[in-house]
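Let's take a walk through this protein together. Have a look at the sequence and the fold, and then we will start with a pair of helices.

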Amino acid sequence: MEILRPVLINIHGRIYRKNAVQEESCEEEEEDYSYSEADAEQCLDEPCDAHDIQQTEKGFRCAIDVPSVLYKYIIGKKGETRKRLESETKTSISIPKQGVEGQIVVTGAHRAAVASAVTRVEVLIDSFRRKQPFTHFLSFALNPPQVQEGFLRFREQVLEHCGQDSGVDVSIFQNPAKLHLTIGTLVLLSQQEVTRADELLQQCQNVIRDITEAKPLPVEVRGIEYMNDDPSEVDVLYAKVAVRDGSDKLQQIADRLVECFVSAGLMERERDRVKLHGTVMNTLFRKDPSAEDRGVSGRPNVKDREAFNARNILQMFGKVYFGEFELNSVQISQRFSTDSTGYYSSAGRVTFS
């Protein structure tokens, strides 16, 4: 970590400095987080309204929702992290049993002490949440029958004409029933968080319908592109999707959804605008047909991947036509799942019309 430029974390509108301290922990390096004296003094002077701190007969109390999978990071090895937090903030931290969903409750004699402990717990949670693999993603399905048929023709022709090219084989093609555009990824670690994400998506429906004029979007899937800058060493080949009237309505919807979910703290922004891409070939599928890339970078997890030569594919099929259809929904898709249609199971959906 850069000492003179430490990582800053935004918690409830306050900016905290992240200090890495290596110590024994459960399963992995644990990080300690602190904030400056100025921040502490500010919390003493202000009511700390960012937290719902209640006064009780014995002092003050604050309950925060934390998914059970993250309890171990607050407890630490042999309870050392919790003990240290309690000692340094002069509070008591009550944590439900592992596997039991509930609230972490912080109590103390002083409001500022409780606020300090809660903030430190939240910063720890935020840090370790970022290390969790994503569980869900916002997606537009690209799998109507006509597009699946177009994809299967593309796969057959690629294997026939380019099957001898380095790294090209049937294992790296997408499952036609799961063709989709990824808008953004989500880490939802409890049913409560899944419900919250669904409610947020429902709130976005009017915004989406304003863009689509409450009508489905006629879209065309045509042409392919690759992620990195070397067509002979490609990991991801994707189909391009455009609205038939030439507008950027699909891009507008994607960007507004990301803005909404980022503002709610449910998604991390990866770039200024969403890069809409429908993966048709991915070297991650070679070892795991259910694999999904987290981002859109050209070569993540390089050591686990064998790139393929896409020069001939791009030359022969660069403008391949997959099909067109009326897109009428966006959904929260559950990773590593399959519904009755062969697409991802939905944890929430809204329609355009």
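A crossing of two helices is called left-handed if the near helix is turned anticlockwise from the far one by less than a right angle, and right-handed if it is turned clockwise. What you see is a predicted model, where local features need pLDDT of at least 70, side-chain atom pairs count only at pLDDT 80 or more, and totals for chains, interfaces and linings use all residues. Residues are numbered from 1 along each chain as its sequence is written, and side-chain values use heavy atoms, leaving out hydrogens and water.

Helices (H or I, at least four residues) and strands (E, at least two) are DSSP runs, numbered from the N terminus. Find H3 (residues 80-89) and H4 (residues 111-129): H3 passes H4 in a right-handed crossing. In this pair, Thr81, Arg84, Leu85, Glu88 and Thr89 of H3 meet Ala113, Ser116, Ala117, Arg120, Val121 and Leu124 of H4, where contact means heavy atoms within 4.5 Å.

Lys78 has a positive phi of about 55° although it is not a glycine. With 70% relative accessibility, Lys78 is exposed; that label applies over 50%, while buried means under 20% and partly exposed lies in between (1.4 Å probe, protein chains only).

Phe336 also has a positive phi, about 60°, without being a glycine. Look for Phe336 in the loop between strand S13 (329-334) and strand S14 (346-351). At 49% relative accessibility, Phe336 counts as partly exposed.
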